[in-house]
Amino acid sequence: CSSDLGGRVGEAQQIAGEIRRLGLDTVARQDCLSACTLVILAGTRRSMASGAHLGFHQASFPGATPKELAEMNVVQRDALSKQGVSPWFIDRVLSTPSTSMWIPTEDELFDSGFLNYVTRERVAAEMALAAEGLRKTLPRRIDAMTTLEDIRADGLVFRYLYRADPEAEARLSATAA
């Protein structure tokens with residue numbers, strides 16, 4: 001993925017089409033800006049490595065007419081929408097000038113539906129960090145969790161568990177029954 005403000009939309013769309021056709025997962029292992037985000041968006045499971053950033057802006061192409069730019073933005077809107085990305089996120093992307101870059105937070109990326117999966121490495125690191133923080137502030141919080149309801153009630157723990165494995169709740173429910 002490119003680390004400058006540019007990108008080759010046509011090539012990104014071709015790669016994205018192949019990713020969708022093959023049903024592949026995508027991971028942004030480093031910063032992924034502009035047209036590169038179309039490649040990440042094409043994945044069945046879309047995730048981002050720790051420390052990576054995704055950057056967005058409206059379409060741009062040297063020499064393109066205003067009509068052509070508007071058509072490129074329609075294509076970008078459709079691609080985001082077809083992959084289940086929230087309208088508020090799409091509006092933010094398309095309101096960011098091509099001379100600028102919007103870098104959403106991780107929560108914005110998940111809340112919008114752009115990212116839908118967290119890598120196991122990221123979950124492990126974040127769980128360790130969260131567990132350490134919980135141990136420092138509330139020493140018995142984790143040790144007191146004995147039921148599925150305890151895990152559900154603790155939003156922080158449940159959030160990471162669910163992101164790491166969306167089917168975990170169903171398996172835990174089956175185990176608890």
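The model is a predicted one. The protein has 177 residues, of which 37% count as buried, and its secondary structure comes to nine helices and four strands. Read from the N terminus on, these elements run α-β-β-α-β-β-α-α-α-α-α-α-α. Among the contacts in the protein with a separation of 6 or more, 53% are accounted for by residues 24 or more positions apart.

After α1 comes Gly 23, whose phi is positive, near 65 degrees.

A positive phi also turns up at Ser 34, where the angle is about 65 degrees although the residue is not a glycine. Ser 34 is found in the loop between β2 (32–33) and α2. Is this serine buried or exposed? With a relative accessibility of 14%, Ser 34 counts as buried, because the cut-off for a buried residue is under 20%.

In α4, which covers residues 87–95, Phe 89, Ile 90, Val 93 and Leu 94 are buried. Around the axis they cover an arc of only 125 degrees, which puts them on the same side of α4. The cover over these buried residues includes α3 (66–82) and α5 (106–111).

The next step is to ask how buried residues come together. In soluble globular proteins, nonpolar side chains tend to be buried together. Here the largest nonpolar core has 21 residues, and those with the most contacts inside it are Leu 54, Phe 56, Phe 89, Leu 109 and Phe 114. The elements that give two or more residues to this core are α2, α4 and α5, and α4 gives the most, with four residues. Apart from this core lies another, of seven residues, among them Ala 12, Ile 19, Ala 35 and Val 39. Returning to Phe 89, and leaving aside its neighbours within four places in sequence, one finds it in contact with Phe 56, Trp 102, Pro 104, Glu 108, Leu 109, Ser 112 and Phe 114.

The last stop is Leu 115, whose place is in the loop between α5 and α6 (120–137). Leu 115 has a relative accessible area of 2% and is therefore buried. Although Leu 115 and Met 48 are 67 residues apart in sequence, their C-alpha atoms are 7.6 Å apart in space. With neighbours within four places in sequence left aside, Leu 115 is in contact with Arg 46, Ser 47, Met 48, Leu 54, Leu 109 and Phe 110.

Note on methods
Residues are numbered from 1 along each chain as its sequence is written. This is a predicted model: local features need pLDDT of at least 70, side-chain atom pairs count only at pLDDT 80 or more; totals for chains, interfaces and linings use all residues. Side-chain values use heavy atoms; hydrogens and water are left out. Buried means under 20% relative accessible area, exposed over 50%, partly exposed in between (1.4 Å probe, protein chains only). The arc is that of the directions from the helix axis to the C-beta atoms. Contact means heavy atoms within 4.5 Å. A nonpolar core is a set of buried Ala, Val, Leu, Ile, Met, Phe, Trp, Tyr and Cys residues joined through side-chain atoms within 4.5 Å.
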